[in-house]
Amino acid sequence: MESRRSWLRRSIWGAIGTSAGVGYYQWVPPTILPLYFNGRYAYAHDSHPAAVHRVVAVANELVEKPYKLGGGHKVLFDSAFDCSGSISYVLYRCQLLDRPLNSSEFIRYGLPGLGIYVTVYVKAGHHVFMEVCGLRFDTSGSQSGEGPRWRVNGRSREGFYPRHPAWL
């Protein structure tokens, strides 16, 4: 039979110290692998949970849709999307949101702080974008008026508040 110490050594718990033969253990989060990206579409890794696969697949549906101010708000299944419309579409289709939100409403979305896999960055009244396993899904990029796309290049997070869906 395997000892507790060897089981903990192999699991996501790591020893951080011992005293008088007693080990103190701390939970060590698993390494999150980045999404695969072919320059246009993203793909989740086998190790990612099913919810991440779904978020990525739904976001891929919007890649190269045009940008339209207010797109995705009155009509969730729109032909063009703005920043909050595209994020609303993805989260709604993944059952992580019950109605479309604008960038001001996203400030109260989910839980505050960074998510493990998915983080929504919000600057209330201005902009919202999402990161999934390190890859940014955003409407602002290299060209003005560009619609939702996966982006590898970073952007400033100054003034943005991170929010995340529970458990992601």
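Biologist: Which residues have the most contacts inside the largest nonpolar core?

Modeller: Keep in mind that this is a predicted model. In soluble globular proteins, nonpolar side chains tend to be buried together. Here the largest nonpolar core has 34 residues. Those with the most contacts inside it are Leu35, Phe106, Met130, Val132 and Trp150.

Biologist: Where does the largest share of this core come from?

Modeller: Several elements, namely α2, α3, β6, β7 and β8, each supply at least two residues of the core. The largest share is 6 residues, and it comes from α2.

Biologist: Which strands stand at the edges of the sheet?

Modeller: Happy to walk along it! The open sheet has 6 strands with antiparallel pairing, in the order β5-β10-β6-β7-β8-β9. Two of the strands each have a single partner, so one side of each is left without a neighbour in the sheet. Those edge strands are β5 (111-112) and β9 (149-151).

Biologist: Which residue in β7 stands opposite Val122?

Modeller: Strand β6 covers residues 118-123 and β7 covers residues 127-132. The two run antiparallel and are joined by 6 bridges. Opposite Val122 stands Val128.

Biologist: What angle does the direction of helix α3 make with that of β7?

Modeller: Helix α2 (residues 50-62) packs on the sheet, touching β7, β8 and β9, and its direction makes about 130° with that of β7. Helix α3 (residues 83-93) packs on the sheet too, touching β6, β7 and β8. For α3, the angle with β7 is about 40°.

Key. Residues are numbered from 1 along each chain as its sequence is written. This is a predicted model: local features need pLDDT of at least 70, side-chain atom pairs count only at pLDDT 80 or more; totals for chains, interfaces and linings use all residues. Side-chain values use heavy atoms; hydrogens and water are left out. Two strands pair if DSSP finds at least two bridges between them. Helices (H or I, at least four residues) and strands (E, at least two) are DSSP runs, numbered from the N terminus. Contact means heavy atoms within 4.5 Å. Axes are lines fitted to C-alpha atoms, for helices over the stretch in contact, and angles run from 0 to 180 degrees between N-to-C directions. A nonpolar core is a set of buried Ala, Val, Leu, Ile, Met, Phe, Trp, Tyr and Cys residues joined through side-chain atoms within 4.5 Å. Buried means under 20% relative accessible area, exposed over 50%, partly exposed in between (1.4 Å probe, protein chains only).
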